Amino acid sequence: MNDERPVHLSPGKVIAVHLNYPSRAAQRGRTPDQPSYFLKPSSSVAMSGSPIERPLGSELLAFEGEVALVIGRRTRHASLGEGWSAVSGVTAANDFGVYDLRYADKGSNLRSKGGDGFTPLGPAILPAADLDPTGLRIRTWVNGELVQEDSTATLLFPFARLIADLSQLITLEPGDVILTGTPAGASVVRPGDTVEVEVDSPDGHTTGRLITPVVEGTVPLAGYGAGPQVDDLQREEAWGSREAAGLAAPVVEAGFVLTPELRSKIARVSTATLSSQLRKRGIDNASIDGLRPTRPDTRLIGRARTLRFIPAREDLFETHGGGYNAQKRAFDTLEAGDVLVIEARGERGSGTLGDILALRAQVRGAAGLVTDGGLRDLDAVAALDIPTYYAAPHPAVLGRRHVPWDTDLTVACGGASVQPGDVIVGDADGLLVIPPGLVESVVDDAIEQERQESFIAAQVAAGESVDGLYPMNAEWRAHYVAWLEGGANG
């Protein structure tokens with residue numbers, strides 16, 4: 001049933017929601033507690049069939065099929081029960097964005113998502129009164145292949161909640177458009193591709209397909225504005241995954257899993273013993289030095305994720321320091337058991353993390369945080385359960401000495417080299433970095449070493465001399481074997 005009103009929209013404002021589908025939140029690795037928004041210019045609105053230009057020199061033009069709400073009456077302070085009644089119609093939308101320009105926006109999305117033609121709407125508006133807001137389907141095709149499909153029944157924040165939330169502070173005017181988020185499957189398109197989006201309902205109402213051909217721009221961006229700039233993280237987020245972007249997986253030793261059983265074995269031995277076993281294997285430079293723990297009573301065991309800061313430079317902080325920068329992305333993508341290791345060059349004159357980011361890591365299930373730089377909000381971080389190792393407390397913010405630069409590569413922290421996937425072990429004695437391929441043998445031998453040391457300590461406590469006992473000669477080793485066989489080691 002495609003007999004609804006055609007789109008002729010000129011909204012006063014276009015408001016877009018960042019994350020609203022569980023499938024997309026899972027893809028991004030974070031689920032928001034509350035909705036968050038950004039504005040798109042009304043000049044970004046385009047009709048079905050209008051081409052979109054990928055700016056000349058850019059690489060990552062990404063589509064996001066969405067359900068768009070059209071406001072029907074002036075609305076302020078709407079309650080949850082009144083929110084849906086403020087909507088006059090629903091249509092299909094495509095929230096295009098150029099990831100090459102995200103760094104320049106500092107979170108505003110103005111340049112990356114506000115270009116002319118970057119908000120196609122249509123081709124028809126469905127009357128809201130005829131619709132169940134929880135029963136709509138959103139689908140997107142690229143070159144005829146279905147790439148997105150989801151239902152508004154799964155939304156993190158229902159339409160009425162968005163209206164009520166926004167209208168607390170912002171007057172919604174007739175004709176305003178709210179883009180309600182995109183499901184998983186959003187990805188990159190190139191010149192020559194065609195993207196189609198459709199919203200429909202089980203009873204046959206449909207917007208028809210919103211068609212947007214992609215063409216190459218012909219005018220380069222001038223040097224007096226921010227130009228295209230991409231890295232592998234932007235490629236991963238634009239395409240939806242490292243695999244889709246054609247990127248190699250992060251450097252983690254293949255086949256190694258830090259199982260619960262192995263964690264339990266590591267927890268039985270001290271870092272001092274583990275260090276001696278690493279030295280026996282020719283690895284002397286495995287300690288992260290000069291740091292202090294917020295929770296010396298809590299053992300840290302996990303696999304390394306890494307974040308690198310470079311020395312502060314005003315122009316570089318301007319492009320990389322604000323918005324959803326490498327620091328925030330690193331904390332937002334931590335997973336259970338991860339230890340974020342931060343290279344801050346031993347610079348203590350500025351904070352490298354504070355209580356909010358430490359709390360984010362704890363909520364994500366991370367095993368710990370390690371920085372050879374400053375720590376802000378020391379008392380608040382120390383009150384958290386997550387153990388954090390740091391060089392010194394400092395109240396200053398990041399930009400005083402650092403620029404957050406990149407993630408998940410080999411870093412230097414506290415004089416040690418750390419690679420993604422290395423096993424990090426910490427206690428009151430300090431921190432160790434253990435190569436994954438050595439972990440099992442190191443731990444097994446460390447357990448045996450501490451068993452022997454328990455026997456030796458028992459003999460010393462009984463009055464024996466350490467001569468020939470520490471280390472054990474053949475006679476004492478025979479006593480040790482008998483001690484083991486008698487079950488005296490527990």
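Two strands count as paired if DSSP finds at least two bridges between them, and strands themselves (E, at least two residues) are DSSP runs numbered from the N terminus, as are helices (H or I, at least four residues). Keep in mind that this is a predicted model, where local features need pLDDT of at least 70, side-chain atom pairs count only at pLDDT 80 or more, and totals for chains, interfaces and linings use all residues. Residues are numbered from 1 along each chain as its sequence is written, and side-chain values use heavy atoms, with hydrogens and water left out.

Let's start with strand E22, residues 368-371. It runs parallel to strand E24 (residues 388-390), and two bridges join them. Buried here means under 20% relative accessible area, exposed means over 50%, and partly exposed is in between (1.4 Å probe, protein chains only).

Next, hop over to helix H4, residues 159-166. Six of its eight residues are buried, so the helix is largely enclosed by the rest of the structure. The buried ones are Phe159, Ala160, Leu162, Ile163, Ala164 and Leu166. What do they pack against? Their partners are strands E2 (14-17), E3 (37-40), E7 (65-71), E8 (87-94) and E13 (177-179).

Now for two single residues. Leu60 sits in the loop between strand E5 (52-56) and strand E6 (61-62). Setting aside neighbours within four places in sequence, its contacts (heavy atoms within 4.5 Å) include Gly97, Val98, Tyr99, Asp100, Val188 and Trp239. Lys280 is another story: it lies 220 residues from Leu60 in sequence and 49 Å from it in space, C-alpha to C-alpha.

Val142 belongs to strand E11 (residues 137-142). With a relative accessible area of 14%, Val142 is buried as well. Leaving out residues up to four places away in sequence, Val142 touches Phe63, Val147, Val189, Thr194 and Val195. And how do Val142 and Ile211 compare in sequence and in space? They are 69 residues apart in sequence and 9.9 Å apart in space, C-alpha to C-alpha.
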